Amino acid sequence: MTSRICKNCGCSEIDLDQARGNAVCTNCGSVLEDNIIVSEVQFVEGSGGISSAVGQFVSADGPVKAPVLGTGFHTSLGKESRAQTLQNGKRQIHNLGSQLQLNQHCLDTAFNFFKMVVSKHLTRGRKMAHVIAACLYLVCRTEGTPHMLLDLSDLLQVNVYILGKTFLLLARELCINSPAIDPCLYIPRFAHMLEFGEKTHEVSMTALRLLQRMKRDWMHTGRRPSGLCGAALLVAARMHEFRRTVKDVIGVVKVCEATLRKRLTEFEDTPTSQLTIDEFMRVDLEQECDPPSFTAGQRKVKMQALEQELAKKLDEVQGEISLYRDEIETELENSRPKLRGIYAAYAKEIDPLDEVLSQASCSSPREVDPEEDEELEAVAQHLNQDFLCQVIQGEQQGDERGGEGVTEEAPPPHPPPRGGPSLASILGPLPSAASLGLSESIHECIAEDKDSDGKSGSGELDLDGIDDNEIERYILNDKEVRVKTALWMKQNEEYLREQKEKEERITKEKEQGTYKEKPKKTSKKREPIRASTAGEAIEKMLEQKKISSKINYDVLRDLNSKGGSGNSSPAQPTSTEEPPSGPPGRKRLTRRKKQPNKTNMGLATTIMGKRLRPLISSATKKKRAASQVTPNLTPAATPVLPNLSSPPSPNPAPPGPTMVESGPVAYDEVAEDEEEEEVEEPCVSALQLLGGNEYGCEAEEEEVF
Amino acid sequence: MEPSNDVALDIIITNVVAVFRTRCHLNLRTIALEGVNVIYKPEYGKVLMKLRKPRITASIWSSGKIICTGATSEDEAKQGARRLARTLQKLGFKVRFSEFKVVNVLAVCSMPFAIRLIDFTKNNRPIASYEPELHPAATYRIKTLKATVQVFSTGIICSIQITGITKFL
């Protein structure tokens, strides 16, 4: 009852007549609804007096393939892709799950996950096996079963990390927060595998205690839980006087020896390891340790700091030593007789250090008398060395500060200048870089952005800052090029050889005309053939397809006149002519099939049958054509098929998987036999032959589809 | 973090990846035979060229697309890229420097304390994920910045940021 109020008069008394399917207003008499849709089940009497309900079952999952009205036949039970995927997935889940010994509830949950995944289109581009494994592992995690991702990857022979990637993605997409892995979950499983007999339970309990201790000592963050389990179990086994070697444990736990040893050493470092067995069972130490990698890192930092301090001290000590040395030297000098006059100048030994120092320090006086010079220079040297030490330290600090100031900002300013420049320049920019330089650098960046925008548009290469000389060095000269060429050729011989072979192969195939360019997917679009009669169409198609010249066109034309509609079949392979010629063409084929009393025919049919399914019908016709072109053509049906494209040699790589190489030979025999048969019988038209085989044909037709 | 803090956290940029185009076809064999620090991989179809001055490794494809990795700052990446283009120019190709963009920046920062990954992951549920079987660090994804942060239990935090197409230098 859809309408309550009449539109014309506003009356609410509406009469619904089910028989006529009308809704009529009782007041004004206007018909409000006609042909009301009725939701009733209708029954139809079938053969044998059985009444059955009219209707179809429609699946609730997705859109159903609309049933073909009239001559539609339910071939593959109307299963659409989605249902097939789900069914397939369910089967695989059960397979894999039973290998892992998961119970039914887990498998059902996994299937639910899988359904969610499929509905979110996450299976696209991923191997089904990976997705299924990920679903199963999700279930394992949420249920807390002791299954590792490693087990799944073992079963599937797939890399763990690939599975892990899929698993993480699915978990993220499905918003499933799986609880973190607790190594304690694995203990019973591994203990069982290590065969402790009656004491398994005790050993497990000890191992659990050990694990908890490890957790408190921060050994378990960032580590594989199986490795920890292995270590705990090993120690527990030893505690209970079971001899389990490292190898046994490794085989069960699936980590490598190095890992296990490392865990054991780490545990050794903790204070808990110092306790005896009894004490351990009774007492629980209060203190916690830092994670071992953290302590390792800290140790490294400490080492570095120590080294730095040592270096500084070394410098200081060196400074002191040189101070003493200088003093001794000065004393010696003073005690030695001195040269006067012009020779005084030559007596001075100029230290290279001196020069550097004098360059560095702006304050080294040079105009002092030569006599006092040496003393003064010694003093100046010493002072400068001290100064330099300070400067070096200052520079380091300055770097750190400079680096700090840059933390949050994008490009750092120019690094503080190093090397021989003056002290002033070293000391100068340090404070500025830290405090003022930042804002400058920011402005620079912004300015640069604006500048370079224009440049990047034009694509010109901005050459400033590029040292051409340096770049020249990157390019080899002729002789070097020759040497390198020879070396490279030698190194990559194999690859070059492969390339040559490939090219040769391609040229050979091109000559033969069998060359198929596999990677190229763009196919030439042919113009649709327009012809008034079928015969013309055939001829035009033949011209286009450049089929063998051995076809007798006269026969073809005769065929047309006699066979009636049967001849439109040859045009079938071209997509343009397909619909009208479809059935007759197939009838042709099936006629061949249906010819009885021919064992060879039987062979042919089986071969043909097999071929029909994977291949498009045209391809199969090609095959028959190929074999039949060579023997002498007789009238009747044989030339019909050969007009299809037939490369001189049989197709080298047909897509049919079931074909055996000996195919062509078989065909030849069949062809000859058939021809003979054809000759014996007078020309019978296809239609006549196929008179009673309508149903059979159409069944074949569906097989092709 | 203010720079004037006493306990300053050093964020060190360790890797910058940038791409640019030369707008011209490059003959890889010529580059391979005439360049100094060059490795040619014909099965992958690319040439690896390493520069010393800004430490950069560049993958060069014959289509003219070049990926530059190993720089320690964005400026350096640009400088290195320009140097590379200049080298190619000298080898005789009509190189134009276009569409330079920084694609990836990797930075490392060290905390003075250790981190409990399991609790951390629990508190930041959908954003953070931790799979000890696969990787020792917890991955924290920031969608707005398009960054992935890896948090290690030792206190080291490693951030990979993908700046994408928006940043043009």
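**View 1. Surroundings of A:H240 in the predicted model.** Leaving aside neighbours within four places in sequence, A:H240 is in contact (heavy atoms within 4.5 Å) with A:K199, A:E202, A:V203 and A:T206. A:H240 belongs to the loop that runs between helix 8 (225-239) and helix 9 (246-253) of chain A; helices are DSSP runs of H or I with at least four residues, numbered from the N terminus. Because its relative accessibility is 18%, A:H240 counts as buried (under 20% relative accessible area, with a 1.4 Å probe and protein chains only).

**View 2. Crossing of helix 1 and helix 2 of chain A.** The axes of helix 1 (residues 81-99) and helix 2 (residues 104-119) of chain A come within 10 Å and cross at roughly 145°; axes are lines fitted to C-alpha atoms over the stretch in contact, and angles run from 0 to 180 degrees between N-to-C directions. On the helix 1 side, the contacting residues include A:R82, A:L86, A:I93 and A:H94, and on the helix 2 side they include A:L107, A:F111, A:F114 and A:K115. By class, this contact has seven nonpolar, six polar and three charged residues.

**View 3. Position of A:M541 in helix 21 of chain A.** A:M541 lies in helix 21 (residues 534-545) and, at 2% relative accessibility, counts as buried. The C-alpha atoms of A:M541 and A:A531 are separated by 9.9 Å, the two residues being 10 residues apart along the chain.

**Conventions.** Residues are numbered from 1 along each chain as its sequence is written, and chains are lettered from A in the order in which they are written. In this predicted model, local features need pLDDT of at least 70 and side-chain atom pairs count only at pLDDT 80 or more, while side-chain values use heavy atoms, with hydrogens and water left out.

Note on methods. Helix = DSSP H or I, 4+ residues; strand = E, 2+ residues; numbered from the N terminus. Nonpolar A, V, L, I, M, F, W, Y, C, P; charged D, E, K, R; others polar. Buried < 20%, exposed > 50% of the residue type's maximum accessible area, 1.4 Å probe, protein only.
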